[in-house]
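Please look over the sequence and the structure shown below, and then read the report that follows on its open spaces and on the elements around them.

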Amino acid sequence: MTYSMKSFYSYNLSKEIGFSVYGTKGKPIIVFQNLEDYNLSYKDYMINKDIESLVKAEKILIFMLESVDNESYLNKNSTQHQMNKRNEEYERYILHEFIPYIKSEYGVFGQFMLLGKKIGGYHAINFHLKHPDVFDISLTISPILNLRHLFKEEFNDNLSYFNSPIDYIWNNNDTWFVDKFRKETFIFSTEDNEDNKESIEDMRIMQEAFKKKDIDAIFDYWKKGDRWVDDGQKIFYYLSELQDKGMI
């Protein structure tokens with residue numbers, strides 16, 4: 001499997017930022033890291049032989065991005081406004097620097113898929129809901145959907161609401177967005193256990209919002225041992241479903 005590590009200077013972030021690339025062709029998938037997996041390669045914590053086979057078969061092209069979460073939503077020394085501003089700088093880096101670079105370097109056309117777990121899942125669904133013209137598939141594993149869980153307090157900055165999917169999804173009645181959502185693919189997956197109540201409750205609220213807007217999506221609540229042992233197995237299962245539907 002072709003693997004490389006690259007980086008370039010981001011003017012939006014004012015620093016060099018890196019990413020790992022797995023493969024050369026296929027459906028482009030942007031992977032956002034989770035804090036507990038920070039600075040580990042994709043293969044170290046998610047990829048398995050089955051996913052590797054999809055990379056080798058040029059079905060998927062994976063880009064794992066370096067995170068700035070420790071400078072934004074995980075920076076305990078920042079105010080909400082500072083956290084939100086840094087996150088928006090990261091958003092501009094993705095949209096106006098990283099994606100144009102990838103399209104140019106790899107000849108990628110069309111929309112991207114997004115993948116992430118926990119805070120990585122937060123970025124995946126937040127980017128998808130805000131930019132459905134750029135992204136058409138999101139797969140989130142136990143995603144953080146409510147920024148209050150990261151702030152440990154109520155919102156005191158307007159940007160908090162507009163970056164918290166569980167909040168703004170209810171009031172987004174713009175037909176341009178909703179029509180696109182109805183044609184795209186959203187997959188939410190979380191383990192159904194006592195230690196995961198936050199994720200389960202938030203996913204059920206999102207499920208209710210999607211149902212109200214007539215947006216088709218997968219909301220999967222699974223028991224440990226039912227189907228999967230690790231993240232790699234879960235991800236391959238969903239990727240296989242997408243492949244069967246001709247989406248990757």
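In this predicted model, the element that gives the most to the lining of the second largest pocket is helix 10, with 4 residues. That pocket has a volume of about 220 Å³, and helix 8 (175-183), strand 7 and helix 10 are the elements that give two or more residues to its lining. Of the 15 residues that line the second largest pocket, Thr 185, Phe 186, Ile 187, Ile 218 and Lys 245 lie nearest its centre.

Helix 10 covers residues 231-244, and because its 14 residues should span 20 Å at 1.5 Å a residue, the 20 Å between its end C-alpha atoms agrees with expectation. Several residues of helix 10 are buried, among them Ile 235, Tyr 238, Leu 239 and Leu 242, while Gly 246, just after the helix, takes a positive phi of about 75°.

Strand 7, which runs over residues 185-191, is mostly covered, with 7 of its 7 residues buried. Thr 185, Ile 187, Ser 189 and Glu 191 point one way from this strand, whereas Phe 186, Phe 188 and Thr 190 point the other way. Strand 7 runs parallel to strand 6 (residues 135-141), to which 5 bridges join it, and Phe 188 is the bridge partner of Thr 140. On strand 8 (residues 218-222), which is also parallel to strand 7 and joined to it by 5 bridges, Trp 222 is the bridge partner of Glu 191. Between strand 7 and strand 8 the chain passes through helix 9 (residues 197-212), and this β-α-β crossover is right-handed.

Helix 9 also gives the most to the lining of the largest pocket, with 3 residues, and helix 5 (148-151), helix 9 and helix 10 each supply at least two residues there. The largest pocket is lined by 25 residues, of which Asn 34, Lys 118, Ser 142, Ile 144 and Asn 196 lie nearest its centre.

The model also has 1 cavity of 30 Å³ or more by the rule applied, and the lining of the largest cavity includes Phe 32, Leu 65, Asp 69, Tyr 90 and His 123. The table sets out the volumes and the classes of lining residues.

| Space | Volume | Lining residues by class |
|---|---|---|
| Largest pocket | about 510 Å³ | 9 nonpolar, 6 polar, 10 charged |
| Second largest pocket | about 220 Å³ | 8 nonpolar, 1 polar, 6 charged |
| Largest cavity | about 30 Å³ | 4 nonpolar, 3 polar, 2 charged |

Methods
Residues numbered from 1 in each chain as written. Predicted model: local features only at pLDDT ≥ 70, side-chain atom pairs only at ≥ 80, totals over all residues. Heavy atoms only, no water. 1 Å grid on protein atoms, 1.4 Å probe; cavity = no way out; pocket = protein on both sides within 12 Å on 5 of 7 lines; lining within 4 Å. Points joined across faces, edges and corners; volume = space filled by probe spheres on them. Nonpolar A, V, L, I, M, F, W, Y, C, P; charged D, E, K, R; others polar. Expected span 1.5 Å × (residues − 1). Buried < 20%, exposed > 50% of the residue type's maximum accessible area, 1.4 Å probe, protein only. Pairing = 2+ DSSP bridges. Right-handed = clockwise from strand over helix to strand, strands pointing away.
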